[in-house]
Amino acid sequence: MAIVFVFIDGIGLTDARSDNPFATTAMPFVQALVGAPLLHNAVGRHRHALLKAIDACFSVPGLPQSGTGQTALFAGIDAVGLVQRHQSHFPPTALQQTLRDQSVLRRALMHGSSAFANAFDGGFWDAIATRKLRKSASVIAAEGADVRFRTVDDLVAGQALSWDITNDVMQTRHPERVAAIDAYDAGVNLARLAQGHVLTLYETFLTDLVGHGRSTIDAATVVTRIDRLVGGVVATLRPQDSLVISSDHGNFECQSDPSHTRNPVPLLVVGPACDTLHEVTDISHIADALVRVMRPE
Ligand SMILES: [Zn+2]
């Protein structure tokens, strides 16, 4: 039994509006699962998948943000309610120890091993050491679970993924070593490496960057990457494995506005985990539900 947990930063679920790239770009692999692209009208239980629209706002005013949203996702706690605000970028200091101790990556260790599929190069760790970058929720959670951080060598060996799915940035930084990869093949690699673990986390924040207008990559390209990633994972899952995809807040689905949105976020599940994850109604419920999938009652 393996769970592939894909966190896609800043994607909400809404209708087929003209500024929603999920409505204007074909998603054949997602469509095969839920009968439509990643839109609100596809919500429901399908033959091979579950799509839910779940809350990321927690009745707290303002726009939902990554620091509290990702803490809620990975630690399974009502991070927004606990600090009574939406905190951007990085987890609230008061919740970082909880994130280390109680993350879904850490809790998975009771049932086997967990993995963090993203590759990090020396430049990333230098930036952390010199405080040019701060640790994201995922990095804090992985540290707390003592999960090995994958490297450029792992990426080259097909044992890791790049945060932008197709290796664009890693290729620029390491042109002599890293080649581009099709998003479908990245998905195949992800599902394969996940087979050695109970839980494998992969995160991409390309969607949030594009939603904020901070990337030169166009939204349609990003939609195609996500769709092909899903296609590669689903084609490689064994019958006992599940794919679980969710997000921390809306943003990308509303290209006419560079801010986050209060739209619900998608919870897309493929595989046996559908039976448990259908109970989830907000992003803080996902971690507990994943642990229940690891240990069926
Ligand atoms: Zn953002």
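The entries below go from the overall fold to single helix pairs.

**Ground rules.** I am working with a predicted model, where local features need pLDDT of at least 70, side-chain atom pairs count only at pLDDT 80 or more, and totals for chains, interfaces and linings use all residues. Residues are numbered from 1 along each chain as its sequence is written.

**Overall.** I found 15 helices and seven strands in the protein; helices (H or I, at least four residues) and strands (E, at least two) are DSSP runs, numbered from the N terminus. The C-alpha trace spans about 45 × 40 × 40 Å along its principal axes. A compact globule of 297 residues would have a radius of gyration near 19 Å, and the protein's 17 Å agrees with that. The radius is taken over C-alpha atoms, and the globule rule is 2.2 Å times the number of residues to the power 0.38.

I also noted that 56% of the 297 residues count as buried. Buried means 20 or more other C-beta atoms within 10 Å of the residue's own, exposed means 12 or fewer, and partly exposed lies in between, with C-beta atoms placed from the backbone. Among contacts between residues at least 6 apart in sequence, 71% join residues at least 24 apart; a contact needs C-beta atoms, placed from the backbone, within 7 Å.

**Helix 8.** Next I asked how many residues of helix 8 are buried. The count is seven of its eight, and helix 8 is mostly covered. The buried ones are Ala137, Ser138, Val139, Ile140, Ala141, Ala142 and Gly144. Their cover includes helix 3 (66–75), helix 5, helix 6 (104–107), strand 4 (114–116) and strand 5 (199–204). Just after helix 8, Asp146 takes a positive phi of about 55 degrees.

**Helix 5 on helix 8.** Helix 5 (residues 93–102) packs on helix 8 (residues 137–144) at about 50 degrees, and the axes are 7 Å apart. Axes are lines fitted to C-alpha atoms, for helices over the stretch in contact, and angles run from 0 to 180 degrees between N-to-C directions. The two helices are therefore oblique to each other (under 35 degrees is roughly parallel, over 145 roughly antiparallel, 65 to 115 roughly perpendicular, the rest oblique).

I listed Gln96, Leu99, Arg100 and Asp101 from helix 5 as meeting Ala137, Ile140, Ala141, Glu143 and Gly144 from helix 8. By class, this contact has four nonpolar, two polar and three charged residues. Ala, Val, Leu, Ile, Met, Phe, Trp, Tyr, Cys and Pro count as nonpolar, Asp, Glu, Lys and Arg as charged, and the others, Gly among them, as polar.

**Helix 3 on helix 8.** Here the axes come within 9 Å and cross at roughly 30 degrees, again with a right-handed crossing. Gln70, Thr71 and Phe74 of helix 3 meet Ala137, Ser138 and Ala141 of helix 8. That contact has three nonpolar, three polar and no charged residues.

**Helix 11 on helix 13.** The axes of helix 11 (residues 183–194) and helix 13 (residues 219–236) come within 6 Å and cross at roughly 40 degrees. That makes helix 11 oblique to helix 13. Ten nonpolar, four polar and four charged residues make up the contact of helix 11 with helix 13.

**Helix 7.** I finished on helix 7 (residues 122–129): zero of its eight residues are buried, so helix 7 lies largely in the open. Arg131, which follows helix 7, has a positive phi near 65 degrees.

Definitions and conventions. Two residues are in contact if their C-beta atoms, placed from the backbone, lie within 7 Å. A crossing is left-handed if the near helix is turned anticlockwise from the far one by less than a right angle, and right-handed if clockwise.
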